[in-house]
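Colleague: I have just opened this entry and would like to learn how to read its features one at a time. Could you give me the general idea each time and then the case at hand?

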Amino acid sequence: MAIAGSSLGAIRSAAMQSDGEQSIASATAARALPAASFGLLKQIDAGVLSVSYAEAGPPDGPAVVLLHGWPYDIHTYVDVAPLLAAKGYRVIVPSLRGYGSTHFLSLGAARNGQQAAIAVDVIALMDALKIDRAIVAGCDWGARTANIVAALWPERCKALVSVSGYLIGSQDANQKPLPPPSELQWWYQFYFATERGRAGYETYRREFAKLIWQTASPQWRFHDATFDRSAASFDNPDHVSIVIHNYRWRLGLAEGESTYDTLESRLAVGPVIAVPTITLEGDANGAPHPAPAAYAAKFSGKYVHRNVTGGIGHNLPQEAPQAFATAVIDVDAF
């Protein structure tokens with residue numbers, strides 16, 4: 001994998017204040033233009049998918065799997081990957097189903113975005129790459145997926161780094177109404193529940209994604225080139241179907257696949273995560289997210305929460321790559 005040599009120089013260092021807080025300089029100029037890119041991506045059959053992924057670092061190094069969310073892509077970790085590779089880690093950054101050149105092996109496969117299906121994809125990828133155990137880390141959908149891997153397959157998860165903490169959900173829990181200001185934050189979920197919303201996302205997926213980037217990270221002054229680099233991943237022919245199904249499934253408006261019923265029943269009780277964990281939260285996260293105190297008890301192993309300050313929003317690994325990479329390295333030492 002080729003990484004532009006200038007990338008490390010564009011990353012601002014985090015000044016560690018304590019286990020509870022990291023301060024990141026605003027440094028909007030340093031984050032304005034894309035400083036690095038992944039080189040030639042790899043492709044491998046894994047489970048029901050052919051998975052596109054970036055790889056960095058020594059092939060015999062301890063494995064780290066970095067998982068992106070919506071509406072983002074593997075470039076969430078374009079500056080994190082070289083930092084970890086330089087420390088000797090084997091870094092795997094897959095495009096989730098519906099992103100990039102990841103595609104289903106069968107034309108007839110269900111375009112399913114439910115949480116258990118995406119987590120099973122990660123286990124299948126680890127199997128295909130012959131990775132027995134890995135540090136699993138993510139944000140947004142990727143954090144939820146990393147939570148699920150840690151909860152259901154702890155023998156495969158050496159440690160966990162999760163932005164916004166514990167995100168495992170259930171259809172039953174999602175039936176409970178929230179206070180109006182919280183419901184307002186989820187406006188797009190209700191939009192996607194309609195056919196008009198599906199058509200709107202199909203037609204305006206890039207404009208939609210840019211709006212989410214702006215509202216979820218209100219202080220992140222990303223350049224158009226940074227957004228366009230990720231937006232290319234949304235051209236995947238399954239992207240809209242996966243996204244719409246994910247949000248409709250959460251509300252109980254779409255069926256999942258029966259093959260995941262047992263896993264979903266285990267997730268519905270909110271299983272405790274026992275592997276070593278660091279959770280992170282940016283001080284300017286404009287997306288819906290729980291307060292750290294609400295999920296601390298969900299982590300029964302060695303656990304630390306860190307607030308990352310300096311105007312850091314929802315896409316924390318891309319906005320504060322040094323803080324995220326430091327968390328991965330530190331949790332490995334727990």
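Modeller: Let us begin with strand pairing: two strands pair if DSSP finds at least two bridges between them. Please keep in mind throughout that this is a predicted model. With that cut-off, two bridges join β4 to strand β7 (residues 103-104), the two running antiparallel, and within this pairing L49 stands opposite F104 in β7.

Colleague: Which other strands pair with β4, and in what sense?

Modeller: Strand β3 (residues 42-46) pairs with β4 in the antiparallel sense over five bridges, and there Q43 stands opposite S52. Four bridges join β4 to strand β6 (residues 90-94), again running antiparallel, with A56 opposite V91 in β6. The hairpin of β3 and β4 has two residues between the strands, and in this hairpin G47 takes a positive phi near 65°.

Colleague: Is β4 buried or exposed, and which way do its residues point?

Modeller: Buried means under 20% relative accessible area. Eight of the eight residues of strand β4 (residues 49-56) are buried, so the strand is largely enclosed by the rest of the structure. L49, V51, Y53 and E55 point one way from β4, whereas S50, S52, A54 and A56 point the other way, and all of them are buried.

Colleague: E55 carries a charge-bearing name in that list, so to speak; what does R90 form with E55?

Modeller: R90 forms a salt bridge with E55, in which the closest N and O atoms are 2.7 Å apart. Because R90 lies in strand β6 and E55 in strand β4, the pair ties together parts that are 35 residues apart in sequence. R90 is buried, and E55 is buried as well. Salt bridges that share partners also join K42, E55 and R90 into one network.

Colleague: How should I read aromatic pairs?

Modeller: A pair of aromatic rings is described by the distance of the centres and the angle of the planes. The count in this model comes to 30 aromatic pairs. Among them, the rings of W70 and Y188 have their centres 5.3 Å apart and their planes at 45°, so this pair is tilted. The pair links distant parts of the chain, with W70 in the loop between β5 (63-67) and α2 (80-85) and Y188 in helix α6, 118 residues apart. Both W70 and Y188 are buried.

Colleague: How are the rings of Y72 and W213 arranged, and where in the chain do they lie?

Modeller: Y72 and W213 form a stacked pair, 5.5 Å from centre to centre and with 25° between the planes. Y72 belongs to the loop between β5 and α2 and W213 to helix α8 (residues 205-216), so that the pair links distant parts of the chain, 141 residues apart. Y72 counts as buried at 1% relative accessibility, and W213 is buried too, with a relative accessible area of 0%.

Colleague: Where does W187 lie, and which residues form a nonpolar patch with W187 on the surface?

Modeller: W187 lies in helix α6 (residues 187-192) and is partly exposed, with a relative accessible area of 36%. L184, W187 and L211 form the nonpolar patch, with about 300 Å² of accessible area together.

Colleague: Finally, how many disulfides are there?

Modeller: A disulfide is a covalent bond between the sulfur atoms of two cysteines. The count here comes to zero disulfides. As for individual cysteines, C139 is buried with a relative accessible area of 0%, and C157 counts as buried at 1%.

Terms used. Residues are numbered from 1 along each chain as its sequence is written. This is a predicted model: local features need pLDDT of at least 70, side-chain atom pairs count only at pLDDT 80 or more; totals for chains, interfaces and linings use all residues. Side-chain values use heavy atoms; hydrogens and water are left out. A disulfide is a pair of cysteine sulfur atoms within 2.5 Å. Buried means under 20% relative accessible area, exposed over 50%, partly exposed in between (1.4 Å probe, protein chains only). Patches are made of residues with over 30% relative accessible area and no salt bridge: like charges are joined within 9 Å, nonpolar side chains (Val, Leu, Ile, Met, Phe, Trp, Tyr) within 5 Å. Accessible areas come from the Shrake-Rupley method with a 1.4 Å probe; for residues, only the protein chains shown count as cover. A salt bridge is a side-chain nitrogen of Lys or Arg within 4 Å of a carboxyl oxygen of Asp or Glu. Rings of Phe, Tyr and Trp (its six-membered ring) pair if their centres lie within 6.5 Å; planes under 30 degrees apart count as stacked, over 60 as edge-to-face and the rest as tilted.
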